[in-house]
Amino acid sequence: MLPLAAGQISGVVLQLAYRKKGCRSQRDMGAKIHKSCPLKGLCRNDIPYTLAAPQKFRNLKCFCKAPTPALHLPVLSLTPVHPLHLHTAFTPEVMAPLTAQPISKYVVVIDARVHSLHYTRIQGALPPHTLHLVAPGEQHKTLATCERIWQFFYDVGLDRKGCVIAIGGGATTDMVGFAAATWKRGVAFALVPTTLLAMVDATIGGKLGVDFGQGKNLVGVFAEPVGTFISSDFLVTLPERELRAGYAEVLKHGLVADAAYWQQCSSGLPAGAGVLETIQRSIAIKSEIVEKDPAEQGIRKVLNFGHTLGHAYESALLGTPNELLHGEAVGLGMALEAQLSVQHAGLAQHQADEVVNTLRKLDYITQPVSTPWATLAGFLMQDKKNVGDKLNFTLLQTIGHAGYDLQVPLADVQKLLAPHLL
Ligand SMILES: NC(=O)c1ccc[n+]([C@@H]2O[C@H](COP(=O)([O-])OP(=O)(O)OC[C@H]3O[C@@H](n4cnc5c(N)ncnc54)[C@H](O)[C@@H]3O)[C@@H](O)[C@H]2O)c1
Ligand SMILES: [Zn+2]
């Protein structure tokens with residue numbers, strides 16, 4: 001089913017927007033004029049609350065009439081307000097909801113590879129802006145790169161009424177979002193994801209940050225963009241390996257939350273309109289989970305399935321010839337954690353086998369390269385999800401349902417990995 005061919009993506013433009021419970025103007029204020037609406041000018045009666053929105057929030061209208069300027073949300077707030085726009089092609093209409101707002105200045109920070117592949121095509125669809133390129137890849141998702149981004153913000157005089165548009169994969173959107181959310185205590189930012197992984201996962205849910213030392217995403221904040229603008233036509237140039245990596249997060253959504261979706265996804269990424277439908281369904285699953293628990297105090301942890309061992313291998317192999325993409329590491333982590341789930345979460349053995357076999361069939365790495373235990377154990381003990389020195393896992397109870405905060409002794413992990421340890 002992979003990869004996509006140019007021209008396969010067509011069809012109607014879908015606009016997808018959802019608003020969270022936090023908008024009092026939608027939920028509680030009825031027809032009253034609400035002068036201090038937390039959405040401020042972002043309240044738009046003309047945006048349909050459709051698709052990803054849970055049923056109860058669909059077709060709700062904001063009754064806020066206050067003509068306060070938009071995009072001055074407290075970006076570090078944990079009240080998620082996250083308009084999503086899903087399209088097949090990046091046309092000027094895609095950014096229209098953003099450009100309708102009174103913004104003092106737009107700056108675009110873009111992955112250099114995406115710049116060379118797509119900038120000429122998309123330039124005219126972006127609002128007038130100044131441009132800054134960041135080097136592609138996880139190794140540049142650092143505070144050092146952030147410093148250069150902040151220097152650029154300083155040089156162009158980006159003030160609190162400005163807006164940063166981040167264009168690239170998850171490494172870029174995580175880092176540029178973080179740079180924006182911390183610049184002058186937070187300026188508005190919009191995300192334009194260009195990889196499958198960033199479309200279905202990284203730009204949904206408000207987690208932003210950079211790697212630190214050898215640990216992944218150790219420095220970061222929760223903050224919501226003023227909009228996420230997804231256009232599936234960016235995927236035409238995405239290498240098959242990157243598509244497969246992104247698809248691992250799609251499979252994860254099925255495994256932790258929707259057995260039927262897992263079954264459907266088990267045959268691989270569909271072509272044509274099916275791509276957009278898959279993106280849409282994955283976003284809906286993640287959004288629904290994040291909405292219940294934006295700060296990851298509980299249920300949101302199910303999204304970490306595959307990530308404890310995945311992150312350990314991703315970090316351990318970074319910079320080696322066996323380096324894994326994030327999604328590849330998650331695929332490996334899911335295969336290993338499915339096996340751990342049998343003993344520690346009651347997953348039926350045949351379901352664990354189904355997970356591993358499907359991942360193998362879809363060309364994921366399911367057996368790790370030999371790695372020193374001390375290296376892995378070091379990363380495992382640093383995992384943000386641990387409490388004290390306990391290893392906290394998210395594991396499958398059945399396909400379609402995950403449990404979280406499941407404590408697994410380090411020795412059991414070592415036993416599972418024993419055939420693959422140096
Ligand atoms: N914030 C979150 O909730 C969250 C969730 C999942 C992953 N992430 C983060 O996302 C990152 C991984 O994201 P990613 O896989 O998008 O990685 P990435 O940003 O490194 O992009 C992968 C590669 O694809 C290239 N690329 C991007 N778009 C392209 C296109 N349209 N055509 C051709 N090449 C293109 C990039 O230059 C890069 O080389 C990790 O840093 C991970 O921690 C964050
Ligand atoms: Zn992930």
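Is Gln 397 buried or exposed, or does it count as something in between? I started my notebook with that one. Gln 397 counts as partly exposed, because 16 C-beta neighbours lie inside 10 Å, and 20 or more would be needed for buried.

**Entry 1: what I am looking at**

I remind myself that this is a predicted model. The average pLDDT of the protein is 82, and 79% of the residues score at least 70. I marked residues 1-81, where pLDDT stays under 50. The model still has 164 contacts beyond four places in sequence for that stretch. Where pLDDT is low, the predicted coordinates should not be read in detail. I kept that in mind and moved on.

I counted the secondary structure next and found 14 helices and 12 strands. Of the 422 residues, 51% count as buried. I also looked at how far along the chain the contacts reach. Taking those between residues at least 6 apart in sequence, 75% join residues at least 24 apart.

**Entry 2: Gln 397 and its surroundings**

Back to my opening residue. I found Gln 397 in strand β11, which covers residues 391-398. Setting aside neighbours within four places in sequence, I listed its contacts as Ala 345, Gly 346, Leu 347, Ala 402 and Gly 403. I also checked the pair Gln 397 and Gln 351: they are 46 residues apart in sequence, and their C-alpha atoms are 9.7 Å apart.

**Entry 3: the ligand**

Which residues are closest to ligand 1? I noted Pro 136, Gly 169, Gly 170, Ala 171 and Thr 195, out of 32 residues that surround the ligand.

Ligand 1 lies between domain 1 (1-15 + 78-296) and domain 3 (305-422), because both give residues to its shell.

While on helix α7, I stopped at Leu 243, which is found there. Leu 243 is buried, because 21 other C-beta atoms lie within 10 Å.

**Entry 4: the nonpolar core**

I went looking for the largest nonpolar core and found 113 residues in it. Cys 163, Val 164, Ile 165 and Phe 189 touch the most other members. This core draws at least three residues from each of domain 1 (1-15 + 78-296) and domain 3 (305-422).

Not counting residues up to four places away in sequence, Val 164 touches Val 107, Val 109, Val 176, Ala 180, Val 187 and Phe 189.

Where does Trp 262 sit? I traced it to helix α8, residues 259-265. Trp 262 is buried, since 21 other C-beta atoms lie within 10 Å. Beyond its neighbours within four places in sequence, Trp 262 is in contact with Leu 251, Gly 254, Leu 255, Ile 399 and Gly 400. For the pair Trp 262 and Leu 251, I wrote down 11 residues apart in sequence and 6.0 Å from C-alpha to C-alpha.

I then turned to His 87, which has its place in strand β3 (residues 84-87). His 87 counts as buried, because 20 C-beta neighbours lie inside 10 Å and 20 or more is the cut-off. His 87 and Leu 276 are 189 residues apart in sequence, with 8.1 Å between their C-alpha atoms.

**Entry 5: positive phi**

Glu 296 is not a glycine, yet has a positive phi of about 55°. I found Glu 296 in the loop between α9 (273-292) and α10 (307-317), where it counts as partly exposed with 19 C-beta neighbours inside 10 Å.

Asp 363 is not a glycine either, and has a positive phi of about 70°. Asp 363 lies in the loop between α12 (349-361) and α13 (373-382). With 14 other C-beta atoms within 10 Å, Asp 363 is partly exposed.

Note on methods:
Residues are numbered from 1 along each chain as its sequence is written. Chains are lettered from A and ligands numbered from 1 in the order in which they are written. This is a predicted model: local features need pLDDT of at least 70, side-chain atom pairs count only at pLDDT 80 or more; totals for chains, interfaces and linings use all residues. A residue is near a molecule or strand if its C-beta atom, placed from the backbone, lies within 6 Å of it. Domain bounds come from an automatic or database domain assignment. pLDDT is the predictor's confidence in each residue, from 0 to 100. Two residues are in contact if their C-beta atoms, placed from the backbone, lie within 7 Å. A nonpolar core is a set of buried Ala, Val, Leu, Ile, Met, Phe, Trp, Tyr and Cys residues joined through C-beta atoms within 7 Å. A residue is buried if 20 or more other C-beta atoms lie within 10 Å of its own, exposed if 12 or fewer, and partly exposed in between; C-beta atoms are placed from the backbone. Helices (H or I, at least four residues) and strands (E, at least two) are DSSP runs, numbered from the N terminus.
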